[in-house]
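I opened a new page for this chain and wrote down what I looked up, entry by entry.

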Amino acid sequence: MVQQAGGFERLGFTRKDAYNKAAAMHRAETVETDSEGLLGYLASKIDSTDPTLYAKYAIDEEDRLCHIFWSDSGCQRDYMCFSDVLAFDTTYRSNAFNKPLVMFVGVNNHLCVFGFALLLNEKIESYKWVLETFLDCMHRRQPAVVVTDGDAAMKAAIILCFPDSTHRLYGWHLSTNVTSNIKSPDFTKAFRKLLYSHYNVPQWYERWDALLDKFELNDNAWAATTYEQRLHWAETFLKTHFFGGMSTTQRCESIKSYIKRFLNCKIPLRDFIRHVDIAQ
């Protein structure tokens with residue numbers, strides 16, 4: 001091609017462009033083949049060991065895998081018994097395929113997993129797809145409480161798909177946001193009291209107003225946004241609900257620490273999901 005054109009300068013693209021295009025085509029071919037292996041793995045589980053395993057996937061206009069959700073029979077049974085609290089976590093992303101991993105987690109006497117998903121991205125439409133799929137899997141039973149990290153797209157999808165559920169934000173994420181936005185240890189300490197203490201409602205508002213006055217934050221944008229979300233994070237407004245210790249991310253850390261090892265490895269999707277199954 002180069003000789004026919006009379007040199008790279010007459011091709012309309014550079015040598016680097018050609019290499020990048022070839023690499024992209026190779027990655028696309030690898031992902032397509034790997035997706036087939038993943039679907040084959042789930043199909044073999046249904047045929048051999050778990051006939052009620054639920055799996056659903058979506059493809060794009062070019063027939064490439066964009067979303068997939070799966071939940072085995074044990075996960076489904078656990079949810080039917082312990083749907084009081086659902087923690088919805090998208091902390092980690094697979095480096096090999098650059099897809100967010102979603103974990104649906106609850107609590108009995110210990111941590112229990114209700115399902116997993118890999119999504120194309122973290123936009124509202126992706127979250128709507130996975131939440132609707134989760135509901136279809138679980139016979140349309142909504143959780144009593146959903147706990148998340150406060151992602152705006154996730155929140156919008158929860159409002160649409162789980163209108164009857166109470167939405168709570170992880171306390172750990174809020175504490176981290178405080179440290180990042182208001183660089184005052186004294187403010188952080190006082191804020192955490194408002195986060196976790198059981199004040200009555202008038203006391204809470206009084207202490208919040210006093211806190212903003214003391215640190216001169218009445219015009220602070222972060223403080224205003226956080227105040228608007230108070231019904232989703234302050235224990236004062238949530239103390240009548242059961243959370244099973246899931247108001248922080250600590251109960252999810254054991255399974256996440258195991259899974260994290262494989263998110264940093266370029267292993268096939270089939271093997272990745274096999275490791276995730278073991279983590280349950």
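**Entry 1: a loop residue.** I began with Asp63, which sits in the loop that runs between strand S1 (54-59) and strand S2 (65-71). The model is a predicted one. I looked up the backbone of Asp63 and found phi near 60°, a positive value in a residue that is not glycine. Is Asp63 buried or exposed? Asp63 counts as exposed, because its relative accessibility is 57%.

**Entry 2: the whole chain.** I then stepped back to the totals. The protein chain holds 12 helices and 7 strands. Of its 280 residues, 44% are buried. I also looked up how far apart in sequence the contacts reach. Among contacts with a separation of 6 or more, 61% are between residues 24 or more positions apart.

**Entry 3: confidence.** Before going further I checked the pLDDT. The average for the protein chain is 81, and 76% of the residues score at least 70. Which elements have the lowest and the highest mean pLDDT? Helix H1 (residues 2-5) has the lowest, at 42, and helix H8 (residues 201-214) has the highest, at 97. I noted that pLDDT is below 50 over residues 1-13, a stretch with 11 contacts in the model beyond near neighbours in sequence. Residues 18-31 also stay under 50, and for them the model has 2 contacts beyond four places in sequence.

**Entry 4: helix H4.** I picked H4, which covers residues 124-137. Its 14 residues reach 20 Å from the first C-alpha to the last, close to the 20 Å expected at 1.5 Å a residue. I listed its buried residues: Ser126, Tyr127, Trp129, Val130, Leu131, Thr133, Phe134, Leu135 and Cys137. For reading such a list I keep one rule in mind: an α-helix has 3.6 residues a turn, so residues three or four places apart point the same way.

**Entry 5: after H4.** Just after H4 comes His139, with a positive phi of about 60°. His139 is not a glycine. I placed His139 in the loop between H4 and strand S6 (145-148). His139 counts as exposed because its relative accessibility is 62%.

**Entry 6: cysteines.** How many disulfides does a search of the whole structure find? The search finds 0. A disulfide is a covalent bond between the sulfur atoms of two cysteines. I looked at Cys137 as a case. The closest cysteine sulfur to that of Cys137 is in Cys75, 8.4 Å away, which is too far for a bond. Cys137 is buried, with a relative accessible area of 3%. I looked up Cys161 as well, and Cys161 is buried with a relative accessible area of 5%.

**Entry 7: aromatic pairs.** A search of the whole structure finds 23 aromatic pairs. I took Tyr79 and Phe114 as one of them: their ring centres are 5.0 Å apart and their planes lie at 80°, so the pair is edge-to-face. This pair links distant parts of the chain, as Tyr79 is in helix H3 (residues 73-81) and Phe114 is in strand S5 (residues 111-118), 35 residues apart. Tyr79 counts as buried at 0% relative accessibility. Phe114 counts as buried, also at 0%.

**Entry 8: an aromatic cluster.** I found one aromatic cluster formed by Phe187, Phe191, Trp204, Tyr205, Trp208, Phe215, Trp222, Tyr227, Trp233 and Phe237. Over the ring of Tyr227 sits the charged end of Arg230, 4.2 Å from the ring centre.

**Entry 9: Phe187.** I followed one cluster member further. Phe187 is placed in helix H7 (residues 185-196). Phe187 is buried, with a relative accessible area of 0%. Which residues does Phe187 contact, leaving aside neighbours within four places in sequence? They are Val178, Ile182, Leu211, Phe215, Leu217 and Trp222. I also looked up Leu212, which is 25 residues from Phe187 along the chain, and the C-alpha atoms of the two are separated by 9.2 Å.

**Entry 10: Ser175.** Ser175 is buried, with a relative accessible area of 7%. Not counting residues up to four places away in sequence, Ser175 touches Arg192, Leu195 and Tyr196.

Key. Residues numbered from 1 in each chain as written. Predicted model: local features only at pLDDT ≥ 70, side-chain atom pairs only at ≥ 80, totals over all residues. Heavy atoms only, no water. Helix = DSSP H or I, 4+ residues; strand = E, 2+ residues; numbered from the N terminus. Expected span 1.5 Å × (residues − 1). Buried < 20%, exposed > 50% of the residue type's maximum accessible area, 1.4 Å probe, protein only. Disulfide = S-S within 2.5 Å. Phe/Tyr/Trp six-rings, centres within 6.5 Å; stacked < 30°, edge-to-face > 60°. Lys NZ or Arg CZ within 6 Å of the ring centre and 35° of its normal. pLDDT = per-residue confidence, 0-100. Contact = heavy atoms within 4.5 Å.
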